[in-house]
Amino acid sequence: MRGRRVDPLVVAGLVLLVLTLGLTALGPRAEDEDHGVTASVYDEGPGGAATLRRLIEALGARTTTLEGDRFTPAIATARVVFMLHASEFVSPDDVAAVRAFLRDGGTVVVAHDVELLIQPLLETFDVHFVQGVTQNRTRLVGPAFTAVPAHEIQSDGGRELRLGTGWDAIGTDDRAPTVAMRAQGNGRIIVVGTITPFINSGLALADNALFATDLALATQPGGGSVAFDEYHHGVHPAANILAVVERTWPGRALLFVMIVAFVFVVLTGRRLGPPLPLDPRPPRSSLEYVRGFAGLVRRAGRQEIVRDRLRRELHAGLARSAGLDPATPFATIVERVHDASPARADEAATLDAGLRRRLREHDLVRTVGRVTSLLREEAS
């Protein structure tokens, strides 16, 4: 027994479904937890930033978090944004949101020690991480740290900075800058090559707490809220199938492939589902084939086909009745038939002469009948 044929469109649909589910599974999930340094304000452990948030609130400033479907900092909700130790990739769209926020007069504080996840952000503003710091203390300089005096910060490790045009070094490890500031639009961006001064376990070291609060409060031109970037800590809705399709290039490619496949099926008239059996029809009779051939001959105007056939049948039938070879000349056959039946011989000669020229349709039909009757009489 032959197996049932699998519809290739069903196979293609299953492959697309598996790819979509795979992309969904690989997407970021809010429930994923980092048990090391998170710098998240929701983390009360040594690696979290919950203490920094309470410290800023104790000084009278409001705090908020950036989370949800998209990373969209706005002056209407916060004047300062802390981007601390991002655990998810900062995309070019996120960088564009940062640029718009700075253009409107906001301040962005970026603290990290790994360039990979924030590389688009660093390249946009022409700053890069280089080798590790030579010592665990960084001296601070500049007017940003005069309101609440902060002279140095202490870290467990960090990275030195390579600064491009427009940057001012405001913290150094005596060999290279580790904290830098740059004016951008109406705002400013500050990059710190270590995360220690902002996490719970590092606030009590040296002037770390003063340094963090100076960045949060002294850089605000007219007060306002302080926002913590939790979006890049994974605090946003889990990616579903629609989000993967709408917001990722692999998802958009899958959607394009499905649309092309659908258009192809529609334009080529392909059916979905198993093939349907044809309606059973009775076999054609011999008369239908004869009529069909006659109709083709009539429409083609090739009457000589029928006349030549009738002449061959007349010659062969008379030859058999006279006991002669069918290839015998017709005149000889007529002479032999004339000896037995002059009337039939004359009839045969008349029919043969008539079939040599074109006949009207009704005359041709009448001639066919006369040939058939003559041959029947000869056979009897």
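Phe-71 and Tyr-231 are both buried, meaning under 20% relative accessible area with a 1.4 Å probe and protein chains only. The model is predicted, so local features need pLDDT of at least 70 and side-chain atom pairs count only at pLDDT 80 or more, while totals for chains, interfaces and linings use all residues. Residues are numbered from 1 along each chain as its sequence is written, and side-chain values use heavy atoms, with hydrogens and water left out.

The structure holds 5 aromatic pairs (rings of Phe, Tyr and Trp, the last by its six-membered ring, with centres within 6.5 Å; planes under 30 degrees apart are stacked, over 60 edge-to-face and the rest tilted). One of them is the tilted pair of Phe-71 and Tyr-231, at 6.2 Å centre to centre and 40° between the planes. This pair links distant parts of the chain, 160 residues apart: Phe-71 sits in the loop between β1 (63–66) and β2 (80–84), and Tyr-231 in the loop between β11 (226–229) and α6 (241–247). Helices (H or I, at least four residues) and strands (E, at least two) are DSSP runs, numbered from the N terminus. Ring pairs also join Phe-82, Phe-145, Phe-198, Phe-211 and Phe-228 into a cluster.

Conventions. Buried means under 20% relative accessible area, exposed over 50%, partly exposed in between (1.4 Å probe, protein chains only).
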